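Subject: Handing over a structure

Dear colleague,

I am passing a structure on to you, and below it I have set out what was found. Please read the notes with the structure open beside them.

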Amino acid sequence: MSIFDKKKVSGITEKVLRMVLEASKDAYPNEFAAGMREIDGIISELIMVPGTVSGPRSALLRLNNLPIDYSMVGVVHSHPSPNIHPSSNDLNMFGRYGRVHIIVGIPYDMNSWQAYDYQGKEIELSIIR
Ligand SMILES: [Zn+2]
């Protein structure tokens, strides 16, 4: 155990996950994107991007408007398809920014999402009810 283990993100609240899935459905066929904030290693809050009018592929660009702080762990975004693998643009963004990222895809349900680390490797997050 090192002091860094404390900072490990191990879960996401069911409430936040449901908000993401709903917002992604609403944004379809455009992408939804938001910042995520953790409390004690659990993703517990979304940070909406100011002026969110998302178009295909443009949602992530608006992340430049996000307030960055230490409790922000990364970004969640939706794909307007069932493909929840990171694109090369996504991988680029993962590497620049944050340490946990989530991609959700069609049909935007509890099984159609995946979390990734900054290198694009799949990571497990528990759903906290
Ligand atoms: Zn993507």
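This is a predicted model: local features need pLDDT of at least 70, side-chain atom pairs count only at pLDDT 80 or more; totals for chains, interfaces and linings use all residues.

**A buried loop residue, and what surrounds it**

The place of Tyr-108 is in the loop between E5 and E6, and its phi is positive, at about 55°, although the residue is not a glycine. Pro-107 is found in that loop between E5 and E6 as well, and a cis peptide bond, with omega at about 10°, joins Ile-106 to Pro-107.

**Two other loops**

Asp-40, which is found in the loop between E2 and strand E3 (42-48), also has a positive phi, of about 50°, without being a glycine. Is Asp-40 buried or exposed? Asp-40 counts as exposed, because it has 10 C-beta neighbours inside 10 Å and the limit for that label is 12 or fewer. In the loop between H1 and E2 lies Pro-29, and the bond that joins Tyr-28 and Pro-29 is a cis peptide bond with omega of about 10°.

**The overall plan**

The protein chain has 2 helices and 8 strands, and along the sequence these follow the pattern β-α-β-β-β-α-β-β-β-β. Of the 129 residues in the protein chain, 30% are buried. Among contacts with a separation of 6 or more, 64% come from residues 24 or more positions apart.

The 8 strands of the open sheet stand in the order E7-E6-E5-E4-E2-E3-E1-E8, and their pairing is mixed. At the edges are strand E7 (122-123) and strand E8 (126-128), each of which pairs on one side only.

**Strand E4 and its partners**

To one side, E4 (residues 72-78) pairs with E2 (residues 33-39) in the antiparallel sense over 5 bridges, and in this pairing Arg-37 stands opposite Met-72 of E4. E4 and E5, by contrast, run parallel and are joined by 3 bridges. Together with H2, the strands E4 and E5 make a right-handed β-α-β unit.

E4 is mostly covered, since 6 of its 7 residues are buried. His-77 has its place in this strand, E4, and its bridge partner in E5 is Ile-103. Why is His-77 called buried? The reason is that 22 other C-beta atoms lie within 10 Å of it, where 20 or more are required. His-77 and Val-20 are 57 residues apart in sequence, yet their C-alpha atoms are 8.3 Å apart in space.

In soluble globular proteins, nonpolar side chains tend to be buried together. The largest nonpolar core here has 25 residues, and those with the most contacts inside it are Val-20, Met-36, Ile-43, Val-76, Ile-102 and Val-104. Two or more residues each are given to this core by helix H1 (14-27), E2, E4, helix H2 (88-96), strand E5 (101-104) and strand E6 (113-116), and H1 gives the most, with 5 residues. If neighbours within four places in sequence are left aside, Val-20 is in contact with Leu-46, Val-76 and Val-104.

With best wishes

Note on methods. Residues are numbered from 1 along each chain as its sequence is written. Two strands pair if DSSP finds at least two bridges between them. Helices (H or I, at least four residues) and strands (E, at least two) are DSSP runs, numbered from the N terminus. A nonpolar core is a set of buried Ala, Val, Leu, Ile, Met, Phe, Trp, Tyr and Cys residues joined through C-beta atoms within 7 Å. Two residues are in contact if their C-beta atoms, placed from the backbone, lie within 7 Å. A crossover is right-handed if, with the strands pointing away from the viewer, the path from the first strand over the helix to the second runs clockwise.
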